[in-house]
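The sequence and the model come first.

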Amino acid sequence: MALNARLDHRNPLVFDTHELGRRPGALQRLTRTVDAPRDLGIQGVIGVPEGAPVELELRLESVMEGVLVTGTARATAEGECVRCLEPVELELEADFQEMFSYPDADDRGRPVAEPGDDAEDDEDRLFVEDGLIDLETVLRDAVVLALPMQPVCREDCPGLCAECGARLADDPDHHHDAVDIRWAALQGLADSLEPGDKDDKSGAEAGVDEKQEK
């Protein structure tokens with residue numbers, strides 16, 4: 001998280017830690033229902049629709065190096081069964097824990113002269129900015145980890161018929177008669193003939209048989 005990106009306190013996923021203070025051991029519990037941000041889930045597979053309610057239960061604890069956030073998010077995810085393509089709804093519960101560091105302290109809580117000098121370390125860390133913390137990245141990561149990569153409408157979903165695409169769960173006895181590939185070409189030729197053509201051909205074959213008998 002960039003240290004110069006100022007957070008908007010009006011964002012429902014931004015939380016104010018001023019009341020918590022910087023005394024190690026201080027604790028604050030919060031419950032909040034927020035609207036799901038865009039693309040909360042696995043894109044194109046399953047996720048929480050934008051604007052859907054997400055219930056958050058949070059525990060904010062002040063420690064030497066920052067604010068430790070432990071929480072649970074609950075929401076309803078929507079997607080599509082990978083076997084039969086029917087809509088899927090999943091009650092989601094995602095747990096998470098993340099440290100938000102004070103920008104003026106190192107990993108042991110000791111003051112540093114110039115925070116943010118180590119760009120690589122800062123890139124992987126989340127920070128308390130002006131007493132505010134943004135949980136959107138933490139929430140997004142937790143939800144993605146809690147969702148199935150291949151959602152199904154039920155564990156034993158039989159999927160679709162490979163030949164006609166029918167949903168097999170609706171017709172357990174669904175099947176197609178097997179056709180011997182050796183006769184498939186002849187069957188296609190017979191189906192393409194008009195009734196009169198078939199009669200003429202049969203008559204011609206009968207005449208040939210009579211001549212052979214004589």
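## Cavity

Strand β6 supplies the largest share of the lining of the largest cavity, 3 residues. The model is a predicted one, in which local features need pLDDT of at least 70 and side-chain atom pairs count only at pLDDT 80 or more, while totals for chains, interfaces and linings use all residues. Residues are numbered from 1 along each chain as its sequence is written, and side-chain values use heavy atoms, with hydrogens and water left out. Helices (H or I, at least four residues) and strands (E, at least two) are DSSP runs numbered from the N terminus.

The whole structure has 1 cavity of 30 Å³ or more. A cavity here is a set of points, on a 1 Å grid over the protein atoms alone, where a 1.4 Å probe fits but cannot get out; lining residues have an atom within 4 Å of a point. The volume of the largest cavity is about 40 Å³, taken as the space filled by probe spheres set on the points, with grid points joined across faces, edges and corners. Its lining consists of L40, V48, V54, A73, R74, A75, L92, L139 and V143. Both β6 and α2 (136-146) contribute at least two residues to this lining. By class, the lining has 8 nonpolar residues, no polar ones and 1 charged. In this scheme Ala, Val, Leu, Ile, Met, Phe, Trp, Tyr, Cys and Pro count as nonpolar, Asp, Glu, Lys and Arg as charged, and the others, Gly among them, as polar.

## Nonpolar cores

A nonpolar core is a set of buried Ala, Val, Leu, Ile, Met, Phe, Trp, Tyr and Cys residues joined through side-chain atoms within 4.5 Å. Buried means under 20% relative accessible area, exposed over 50%, and partly exposed in between (1.4 Å probe, protein chains only). The largest such core has 34 residues, and V48, V54, L56 and V69 have the most contacts inside it. At least two residues of this core come from each of β3 (40-42), β4 (46-48), β5 (53-63), β6, β7 and α2. The most, 5 residues, come from β6.

Beyond its neighbours within four places in sequence, V48 is in contact (heavy atoms within 4.5 Å) with A36, L40, V54, A75, T76, A77 and L92. A second, separate core of 5 residues includes C81, C84, V152 and C157.

## Cysteines

The search of the whole structure finds 0 disulfides, a disulfide being a pair of cysteine sulfur atoms within 2.5 Å. C81 is buried at 0% relative accessible area, and C157 is buried at 6%.

## Strand residues and loops

L58 lies in β5 and is buried, with 5% relative accessibility. L58 and R29 are 29 residues apart in sequence but 5.6 Å apart in space, C-alpha to C-alpha. Among the contacts of L58 outside four places in sequence are F15, R29, V69, F96 and L135. S101, in β7 (87-101), is buried at 7%.

Most residues other than glycine have a negative phi. L85, in the loop between β6 (66-80) and β7, is not a glycine but has a positive phi of about 70°; L85 is partly exposed at 47%. D130, in the loop between β8 (126-127) and β9 (132-134), has a positive phi of about 55° and is not a glycine.

Conventions: On a 1 Å grid over the protein atoms alone, a cavity is a set of points where a 1.4 Å probe fits but cannot get out, and a pocket is an open set with protein on both sides within 12 Å along at least five of seven lines; lining residues have an atom within 4 Å of a point.
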